[in-house]
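Reader: Please take me slowly through one part of this assembly, the place where one chain meets the next. I would like a single connected account.

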There are 4 protein chains.
Amino acid sequence: MSDAKLETLRAQVLDANRELARRGLAQFTFGNASAIDRASSRVVIKPSGVPYDQLTADNLVVTDLDGRIVAGELRPSSDLPTHLVLYRAFAAIGGIVHTHSHYATVWAQARREIPCFGTTHADYFHGPVPVTDVMAESDIGGEYEANTGHVIVRCMGTRDPLRMPAILVSGHASFCWGKDVASAVGTASVLEEIARMAYHTVALDADAEVISQALHDKHFLRKHGATAYYGQPDRT
Amino acid sequence: MSDAKLETLRAQVLDANRELARRGLAQFTFGNASAIDRASSRVVIKPSGVPYDQLTADNLVVTDLDGRIVAGELRPSSDLPTHLVLYRAFAAIGGIVHTHSHYATVWAQARREIPCFGTTHADYFHGPVPVTDVMAESDIGGEYEANTGHVIVRCMGTRDPLRMPAILVSGHASFCWGKDVASAVGTASVLEEIARMAYHTVALDADAEVISQALHDKHFLRKHGATAYYGQPDRT
Amino acid sequence: MSDAKLETLRAQVLDANRELARRGLAQFTFGNASAIDRASSRVVIKPSGVPYDQLTADNLVVTDLDGRIVAGELRPSSDLPTHLVLYRAFAAIGGIVHTHSHYATVWAQARREIPCFGTTHADYFHGPVPVTDVMAESDIGGEYEANTGHVIVRCMGTRDPLRMPAILVSGHASFCWGKDVASAVGTASVLEEIARMAYHTVALDADAEVISQALHDKHFLRKHGATAYYGQPDRT
Amino acid sequence: MSDAKLETLRAQVLDANRELARRGLAQFTFGNASAIDRASSRVVIKPSGVPYDQLTADNLVVTDLDGRIVAGELRPSSDLPTHLVLYRAFAAIGGIVHTHSHYATVWAQARREIPCFGTTHADYFHGPVPVTDVMAESDIGGEYEANTGHVIVRCMGTRDPLRMPAILVSGHASFCWGKDVASAVGTASVLEEIARMAYHTVALDADAEVISQALHDKHFLRKHGATAYYGQPDRT
């Protein structure tokens, strides 16, 4: 990996972590963002416990796919093993964001998937946003953070990670991903808003119905995939 | 249409779109505003998928009432056909705003009209804010965006669009309109607040009662119509 | 009334109206503040329908206690007759604020008094915040705004207006008052927060219990009245 | 206590009180922060009823552990006796914060402990956040503020105050503490967010289940105690 490429990746990860704080998705140190360079298998991630306003490109941590530190003076985020499991399982993704954003976390705490009640959701997620199983005591006692990754991968099953770029970990919070770390941050923002909309929809009507598959597909596919016509041709 | 008139209309539409973002009514690219010049049947609308802070008067799109592009390099908002159906059906309106503002969208997702629980609502909307039927699969598979307009027009029925300047599209979000695009933006702001008030009223008391027709009429008519006495004579 | 006194009163009313907007208590033109000079029976009030950022000391309206305009080019707030009824009924008050602040309005829409669930409420209001009867059709059809004042006065009954400086008008919103208009604004701010706290308390536990009269009295009286010991001696 | 040490403590207490306002934890004058110098038993606390933006290092009040004023022209916070009881009972703490922050107060008003529904809570509090008994009328009529401290101490029982650094006083609000006043402010911020998350979790699912003790311990202990591996070694 060239120095220039690494600098670009560091800049993207720095910006992504700061965006989490700026957009109100991560208070205190509740969240972290990483990105991977697939050619060299280098991962850049937030250091553990460092406030967002003290982050610099230099205090980010660079590791390989086994979590060995390649550069950086600080400990990486304690959630690094979760990120690594996801990078290994989902070859198409280039960035991951973990946040305890409010309403996404509320659904995770209630251990419920987020149903698709409207086109705002359908524009970004192809299906309900899944929630993992509760982790077994043996998974918690062992390699807890890596096991968090495994429970996510198991829950995703055969879903395409770019069509379902987010998941809720039961009793914990959300993980989002995308082709790069900036799009993972964007997904985390949208997830929070659709989680909040779904929360209020259920509160207004406990029996609210999800939208039809036809409407869900229409909205998802007019923005994504081969027949998309939303946005500008050079922007997709 | 003179160049000067077109410039004015572009400036109004630019400002309206930016206002949606400024007032928190449209996050990401969830929303669009348009205006029409009735003399020339020219419509100015937001380009599709362009962030609000990248909008300029020049990248707005100008079309005729059939959606043919008259000026502009970019694709128009994918919701253009909805706007056009509304401009054709409601001769008195000069501007349209579509947003996924939070609480209005929640009512749309719950597929419920917004009852008039207080004078804040009655000051702006003469009746409950209606919600459309769920769109049929055939409507979604066909000219979806134009059909969204048709379902709105059907739901409005014989209502006066200037006395009911907003509607909720089931499972989607709101459309608002007015004599010009600035008043459509104002209506979208008020709609969001009365949707939020109604939401909390129902949550506090599931059997909350609407206000009397006498009180509803009193408030609407002291602000609107021939006998209005609210505001200043030169401001109405 | 001397010119200097009038200028002071105008400045206070201007500041109070602006504070309503600044503190988020009045959106759009949903709210107005007034003050009275008891010696001359002059009332200074917001003009009707003028946005808060266009208010100046000069465009405020000065009237007598019968609502006759003494100074000012603009129409007074359409709620002026309500203010006048209150000034006549409650001799101890010097300022009034009307707002459609969100949670206070929600309780008014649900037609429920705000129970005292905690010491935050007890620090400011001696008893639950009352809600008026629904206005009769004959009251709405007649002198509506004056009748709004009468329904408030009737509901207050023998309560001391300085110990219960706020009321909810059913299906409408709140009125607050105090020894001067600045304290009425302060009360409107606190009312909104205790309305919001009470809303969430009831939502968390539909059978939530009010605090004991002993605790209610303790908190109210340590801040107000002869034996108060909260705050600084020269600040009460 | 040296002058330099006292100046440092004053600066910390000033900053802590201002932080309460800045972070939206204390509106109006609803809250106060104090710190203690254990060597000299000197307590620095906010003066009563003074707005946060008028606080200076000089108008803070310095007392001994019996509440006798050692320095300062103003009356101390009326809650001083509560702080003193806590400093005497919990030898490990160096700072205390009292706020009426919104959602923590809602739980206190509903008289319910905050269950641990997720890892956000477990990261900071080892167990549910307790709520005190309702105070007896005799406790209110007597030394009310000191008795508030006694009811807190009784409720804490054998809990380690650094593992459970917060409590809810029934019908009132929260008290938080920590090794110093800055960490007490941090705890008050986190408490508000976990109270808000738990509120929405219960609203989404009235039968929501708490996380397992294994997950609770894992998250608390990876951040706190001898085997902690979260954060940086030199950052605790």
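Author: A word on conventions comes before the answer. This is a predicted model, in which local features need pLDDT of at least 70 and side-chain atom pairs count only at pLDDT 80 or more, while totals for chains, interfaces and linings use all residues. Residues are numbered from 1 along each chain as its sequence is written, chains are lettered from A and ligands numbered from 1 in the order in which they are written, and side-chain values use heavy atoms, with hydrogens and water left out.

In general, two copies of a chain are related by a rotation about an axis and a shift along it. The copies use different surfaces, since 3% of the contact residues of chain C recur in chain D.

Turning to the contact between these two chains, 33 residues of chain C touch 32 residues of chain D, where contact means heavy atoms within 4.5 Å. About 3,000 Å² is buried between chain C and chain D, and carbon and sulfur atoms give 53% of that area; buried area is the accessible area (1.4 Å probe) that two parts lose on being put together, summed over both. On the side of chain C, the residues that lose the most area to chain D are Met197(C), Leu204(C) and Gln232(C), which together account for 21% of what that side buries.

Two salt bridges are counted between chain C and chain D, a salt bridge being a side-chain nitrogen of Lys or Arg within 4 Å of a carboxyl oxygen of Asp or Glu. Arg222(C) forms a salt bridge with Asp79(D), with the closest N and O atoms 3.6 Å apart. There are also 19 residue pairs in polar contact between chain C and chain D, both residues at pLDDT 80 or more. A polar contact is a pair of N or O atoms within 3.5 Å; within protein, one must be able to donate a hydrogen and the other to accept it, and residues adjacent in sequence count only if both atoms are side-chain atoms.

As for the elements involved, α4 (119–122), α7 (181–204) and α8 (213–223) of chain C each supply at least two residues of the side that touches chain D. Helices (H or I, at least four residues) and strands (E, at least two) are DSSP runs, numbered from the N terminus. The largest share of that side, eleven residues, comes from α7(C). By class, the side of chain C that touches chain D divides into 15 nonpolar, ten polar and eight charged residues; Ala, Val, Leu, Ile, Met, Phe, Trp, Tyr, Cys and Pro count as nonpolar, Asp, Glu, Lys and Arg as charged, and the others, Gly among them, as polar.

The contact between chain A and chain B can be set beside this one. There, 33 residues come from chain A and 32 residues from chain B, and the area buried between chain A and chain B is about 3,000 Å², with 53% from carbon and sulfur atoms. Two salt bridges are counted between chain A and chain B, and Arg222(A) forms one with Asp79(B), the closest N and O atoms being 3.6 Å apart. The residue pairs in polar contact number 20 between chain A and chain B, both at pLDDT 80 or more. Helix α7(A) gives eleven residues, the largest share of the side of chain A that touches chain B.

Finally, helix α3 (residues 102–109) of chain A is mostly covered, eight of its eight residues being buried, that is, under 20% relative accessible area, with exposed over 50% and partly exposed in between (1.4 Å probe, protein chains only). The buried residues of α3(A) pack against β6 (166–168), β7 (174–178) and α7 of chain A, together with α4 (119–122) and α7 (181–204) of chain D. Just after α3(A), Arg111(A) takes a positive phi of about 60°.
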